[in-house]
Amino acid sequence: MARRLLGLAAVLALLAPTRGAGEAVDVVVIVHPRRTSQLSLEDVAQIYLKRRRFWDDGSPVVPLNLRSGTPLREHFSRVVLRDSEARLAEYWNRQYFYGIFPPATLASTEAVRRYVASDPNAIGYLPGSEVDGSVRAVLHLR
Amino acid sequence: MSDPKSERGAQNGRRPWGRVAGASLLAGLLVVAPRSAAASEDTPERAGTEVFHLDTALGRIDYHAGRGLRLGNTGLTIGGFAIVNAERLEGGESRGDLEGPTFLFSFEPVPFLRGFAELETTELAHVRSGQSGVRSTPGVDIERLYGEAGLNDALNFRIGKFQTPIGRWNVAPAEPFVWTTSEPLILEDVFDDKTTGAMLRGSFFPRDGALSYSLYGAFFDPIDPDAEAPPAKHSAGAYLEWASLGGWSVGASYFASETTTGKWHHLGGADLLWRPTDRVELTVEGIFGKAPRENGVLAGFYAQAVVETLPTLYAVGRYEHFEPAGDDPAIDLFDVGFAWVPFYWLRLKADYRFADHLDERSAPGLRASFSILF
């Protein structure tokens, strides 16, 4: 009986989500101020998975990530892409078979803000406290 | 700036001088170029583990493990993969192979145009039980070669030789992209895994997912066809997939092929992928109908589960049932094994295949592979 309970506990542990859902991190998705269209969480996810590659006006979207291992990026991946970094690596491996590469990365949130402020096609994310008038906030993730 | 004398020289057939000049120019750009294009914190970098980079007048040339070599601002990236296979089958036969390297060339000069090629070097090295030493009969196969244009997400046009979009496995069937060392029987010579022709494809994004379609047809002489399993003279098909951001997707396939007698055969399929958690992945795929090169009706499916038991270590199990066309008996298979993915660019797999009877399509035994993306 004890073995069965242990086995059941192991199965449940495998099926359980790996992180709590209640972490409160204020992340804001930003675009160039010239971009006036609204974006939903799903829109942002499709852009960062490179399934959605163009803005509504036909310009190519340039999604920007922080470097791998950054806590803010991990939070973004969890909330928006609903996946772990390991799962996303599998996804990008399959895309690599078609010559499609993950979004480019920048070294800091300051660099993301500066880049998005300078490129009308770019999209990035920042902590809410770092958003200023040089960029436009399109989505708040908490 | 181009040199008019060099251009005239090339026109007059003095190509060796043109090559020397070109090589010298490239070397100069690589070695002598000023470092003004050096990456700063404000320059986006490619994702992945960078092995080296070189700042040149062509832009930043960089190599990332498992993500290829990007040649500056040319839009060209060259990568690929290589595989070492070993197997010991029930009955005593053993063999080992070096598959590849397979090179992937991706050329995207502007966001609306893309060229892609997959070239596989074959039979570089193989050993068999009963044979002495390592043998090699090298060659090169053009696995894929196409160009693609698209001005939006909903409509893209592809022309050339491409992977036939049937089901889930055949979309990316190479070793580094799958969880087991052997592919399911429903993919083995059942349909043309490559199509030389044209394809319309696109995606729409209603609500919580992506609805993607592919419509394709084989209209041209096949590019570098498989001599052992030549593709149908003409074929056409469609694939429709709904991929939810919630971790599941479903797809439906249709494939029609013209036989050598002029009759058309029809094949249908369905597939499902479900990821209930980060550590569990379930895949089911089935197919039913008449294959291009067989007259009877065939049917089959597989159900595969992948569970991350420890970080980077995955347990894999797959059950298959296949009913071949004709009088051959149905086959039941079970593959069980593991995959270790210590880095995203490296994968080691080992699995054992059990079969209810011996069949050349489903030889039971132990198989292992080591695959690397470069």
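Which residue of chain B forms a salt bridge with R87(A)? The partner is E281(B), and the closest N and O atoms of the two residues are 3.3 Å apart. The model in which this pair is found is a predicted one. In this model 60 residues of chain B are in contact with 44 residues of chain A. Chain A contains an open sheet of 5 strands, and helices α3(A) and α5(A) pack against that sheet.

**The sheet of chain A**

- The strands of the open sheet follow the order β3-β2-β4-β1-β5, and their pairing is mixed.
- Strands β3 (104-106) and β5 (136-141) of chain A stand at the edges; each has a single partner strand, so one side of each lacks a neighbour in the sheet.
- From one strand to the next, the twist averages 35 degrees.
- As a general principle, strands of a sheet pair through backbone hydrogen bonds, in either a parallel or an antiparallel manner.
- Strand β1 (residues 27-31) of chain A pairs with β5(A) in the antiparallel sense, over 5 bridges.
- Within this pairing, V29(A) has L139(A) of β5(A) as its bridge partner.

**Helices of chain A**

- Helix α3 (residues 71-81) of chain A lies across β1, β2 (62-66), β3, β4 (122-127) and β5 of chain A, and runs at about 110 degrees to β4(A).
- Helix α5 (residues 109-118) of chain A also packs on the sheet, where it touches β1, β2, β3 and β4 of chain A. The direction of α5(A) makes about 145 degrees with that of β4(A).
- Two packed helices are described by the angle between their axes and by the distance between the axes.
- For helix α2 (residues 41-48) of chain A and α3(A), the axes come within 9 Å and cross at roughly 115 degrees.
- On the α2(A) side, this contact is made by L41(A), V44(A), A45(A) and Y48(A); on the α3(A) side, by F76(A), V79(A), V80(A) and L81(A).
- The residues of the contact between α2(A) and α3(A) comprise 8 nonpolar, no polar and no charged.

**The interface of chains A and B**

- About 4400 Å² of area is buried between chain B and chain A, and carbon and sulfur atoms give 52% of this area.
- R67(B), L245(B) and D278(B) supply 17% of the area that chain B buries against chain A, which is more than any other three residues.
- The two chains are joined by 6 salt bridges, and the pair R87(A) and E281(B) forms a salt bridge.
- Strand β4 (residues 76-89) of chain B gives the most to the side of chain B that touches chain A, with 4 residues.
- That side of chain B consists of 27 nonpolar, 14 polar and 19 charged residues.

**Salt bridges in the whole structure**

- Over all chains, the structure holds 33 salt bridges.
- One salt bridge joins the side chains of R35(A) and D57(A), at 3.1 Å from N to O.
- This pair links distant parts of the chain, 22 residues apart: R35(A) is in the loop between β1 and α2 of chain A, and D57(A) is in the loop between α2 and β2 of chain A.

**Backbone features of chain B**

- Most peptide bonds are trans, and most residues other than glycine have a negative phi.
- G100(B) and P101(B) are joined by a cis peptide bond, with omega at about 10 degrees. P101(B) is placed in strand β5 (residues 94-110) of chain B.
- E123(B) is not a glycine, yet its phi is positive, at about 55 degrees. E123(B) lies in the loop between β6 (113-122) and β7 (125-128) of chain B.

How values were computed: Residues numbered from 1 in each chain as written. Chains lettered and ligands numbered in written order. Predicted model: local features only at pLDDT ≥ 70, side-chain atom pairs only at ≥ 80, totals over all residues. Heavy atoms only, no water. Pairing = 2+ DSSP bridges. Helix = DSSP H or I, 4+ residues; strand = E, 2+ residues; numbered from the N terminus. Axes fitted to C-alpha atoms, helices over the stretch in contact; angles between N-to-C directions. Contact = heavy atoms within 4.5 Å. Nonpolar A, V, L, I, M, F, W, Y, C, P; charged D, E, K, R; others polar. Buried area = accessible area lost by both parts, 1.4 Å probe. Salt bridge = Lys/Arg side-chain N within 4 Å of Asp/Glu carboxyl O.
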